[in-house]
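Biologist: Thanks for sitting down with me. Could you walk me through this model, one question at a time?

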Amino acid sequence: MGLGDWVSTRRRKYDAANFNVKLLLWFTFLETAATSVSTGDILSAYLFMLSGSNATVGYIQGVKGTAMMVLSVPAGWMADRWRRDGVLVTAAVLGAVASAVLAVATFVGAPLWMLYLSMGLMGAYSGANNPATESLFADSVIAGASSQLYTLKFTVGNVASTCGPLISIVLFAFVGNSWEEGTCRAVVVIGLAMMVVPLVLLCFANDDKCLGLSSESLHDVQSCASLTDVPSVESKWAVFGSWTIPALISISDLIGAFASGMTIKFFYLFFAEEVGLSPIAASSISVASPLCINLVSLILQRSSVWAGRVQVTLVSKALDVLLMVALAYMPTHTGNLGMTLALIAVQLTRGAMANASRPLMRSVLMDNVPKRMRARFNALESVKSFSWSGSAVFGGLMIQKYGFQHTFLITAGLRTLSFLPIVPLLALVKDDLHRDVAGHVTRQPIRDVSTDQLPLMADDVQQPLLNGDLDGKADH
């Protein structure tokens, strides 16, 4: 297939996609692009220049995470109890207020307390937005055939996250390749201005355009298809797995979030302070990192078709831990170009392995959470974010006292613990792998009956996700 045919096929699939899927893909791209500019690595550098303390950077991130957790629980409950689109309109208004306050705080060079307040409002916006957004997306994709769409959403977000470092590179190239408060302030304000479009877009999400039974959890679909059947060993195992699977994934994510928070906001500072990279060089790593994650994510999604989603995830997590240990022991401040490039290569590969399996685990998770509880379950993401932000405080204190690389070793140990809850999923997650007549390995949606045999709701007929491509067919 030539490039033109590939583009044409992808355009045809996009045109046939569910309304909410298309809207949320655009929202993901635009909102991620804006936040990568306004609250990304440059903001961390700006906060460090204002305070002169890595601990303060961690404290401010902690305020954001706390606000996110506090608001996400009621927001998730309301999204499940009433309508998700109503919660999203409220979140859009809150996001506009948060952006305005942070813009004023940054533009006028306000004291740190105002930055604490503005980041708290940003956390509240994320807490109101994330549960309903993720649940609306899950309600608009076909359960059991979703990993491709989650990988696409993940890829779109990662591509958008390069906007922040790219804008930083352009500004640093024009005003001087050195760390200056004024340049960092300009980057943050540009990102906040970019928030207007995605916040408006969020107001057009529509619960009425979600799919019906075909987007329900796999266990609920099986229950609807065979209400009078005598429970088999497999169905009893499915009932056990329907709640054990989300619990194990959440425990792993919680531990992993705590581990990530200790270092993720400090890698940019590590390469600036310890390795001695210029602003443009450090921002170039931030551009390359999401692209590497996308490449590995696509490879893992393809590999999961024949190896299984859990198996592929375990391999990527193991490589992440090994590379984190390597990063902890590699020398810095050598002045050697080869060693600097090696440090960059290890970090890019490690970051890709740490993040590329996330859409696979997200598809497994949403395949096993009933629609009526998805927003509340997605609210748990904010608990993970609180863990992430809380550990950012801890990580900042550790780095301040012991240095970056000692903290990397602690992170590697915690990441090893996050590996363990995934292991039982090898027995619980039954990816239905088979070979077709041509010998190609594919995965069918994991159901007791085919999608064509299910009683479809009207919106499933009018708004299928990728019409005819994934509904009851292989998940590539």
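**A walk through the helices**

Biologist: Let's start with Val 189: which residues is Val 189 in contact with, leaving aside its neighbours within four places in sequence?

Modeller: Contact here means heavy atoms within 4.5 Å. Leaving aside neighbours within four places in sequence, the contacts of Val 189 are Ala 103, Thr 106 and Phe 107.

Biologist: Before we go on, what kind of model is this?

Modeller: Happy to say: residues are numbered from 1 along each chain as its sequence is written, and side-chain values use heavy atoms, with hydrogens and water left out. Local features need pLDDT of at least 70, side-chain atom pairs count only at pLDDT 80 or more, and totals for chains, interfaces and linings use all residues, since the model is predicted.

Biologist: How far apart are the C-alpha atoms of Val 189 and Ala 103?

Modeller: Val 189 lies in helix α9 (residues 181–193); helices (H or I, at least four residues) and strands (E, at least two) are DSSP runs, numbered from the N terminus. Val 189 and Ala 103 are 86 residues apart along the chain, yet their C-alpha atoms are separated by 5.6 Å.

Biologist: Is Val 189 buried or partly exposed?

Modeller: Buried means under 20% relative accessible area, exposed over 50%, and partly exposed in between (1.4 Å probe, protein chains only). Val 189 has 25% relative accessibility, so Val 189 counts as partly exposed.

Biologist: What share of the protein chain is made up of buried residues?

Modeller: The protein chain has 21 helices and two strands. Residues 24 or more positions apart account for 86% of its contacts with a separation of 6 or more. Of the 476 residues in the protein chain, the buried share is 55%.

Biologist: Where in α6 is the kink?

Modeller: The bend at a residue is the angle between axes fitted to the seven residues ending there and the seven starting there. In α6, which has 21 of its 27 residues buried, the kink is about 30° and comes shortly before the proline Pro 131, at Asn 129.

Biologist: How many nonpolar, polar and charged residues does the contact of α2 with α6 have?

Modeller: The axes of α2 (residues 19–38) and α6 come within 10 Å and cross at roughly 145°; axes are lines fitted to C-alpha atoms, for helices over the stretch in contact, with angles from 0 to 180 degrees between N-to-C directions. The contact is made by Asn 20, Val 21, Leu 24, Leu 25, Phe 27 and Glu 31 of α2 and Tyr 125, Asn 129, Thr 133, Leu 136 and Phe 137 of α6. Ala, Val, Leu, Ile, Met, Phe, Trp, Tyr, Cys and Pro count as nonpolar, Asp, Glu, Lys and Arg as charged, and the others, Gly among them, as polar. By class, the contact has seven nonpolar, three polar and one charged residues.

Biologist: Why is helix α17 largely enclosed by the rest of the structure?

Modeller: Among the buried residues of α17 are Pro 359, Leu 360 and Met 361. Helix α17 (residues 358–367) is largely enclosed because the number of its 10 residues that are buried is nine.

Biologist: Which residues is Thr 313 in contact with, leaving aside its neighbours within four places in sequence?

Modeller: Thr 313 is in helix α15 (residues 309–329). With a relative accessible area of 0%, Thr 313 is buried. Beyond those neighbours, its contacts are Ser 357, Leu 360 and Met 361.

Biologist: And how far apart in space are Arg 415 and Val 321, C-alpha to C-alpha?

Modeller: Arg 415 belongs to helix α19 (residues 404–419) and, at 11% relative accessibility, counts as buried. Its contacts, leaving aside neighbours within four places in sequence, include Asp 320, Val 321 and Arg 350. Arg 415 and Val 321 are 94 residues apart in sequence, and their C-alpha distance is 6.4 Å.
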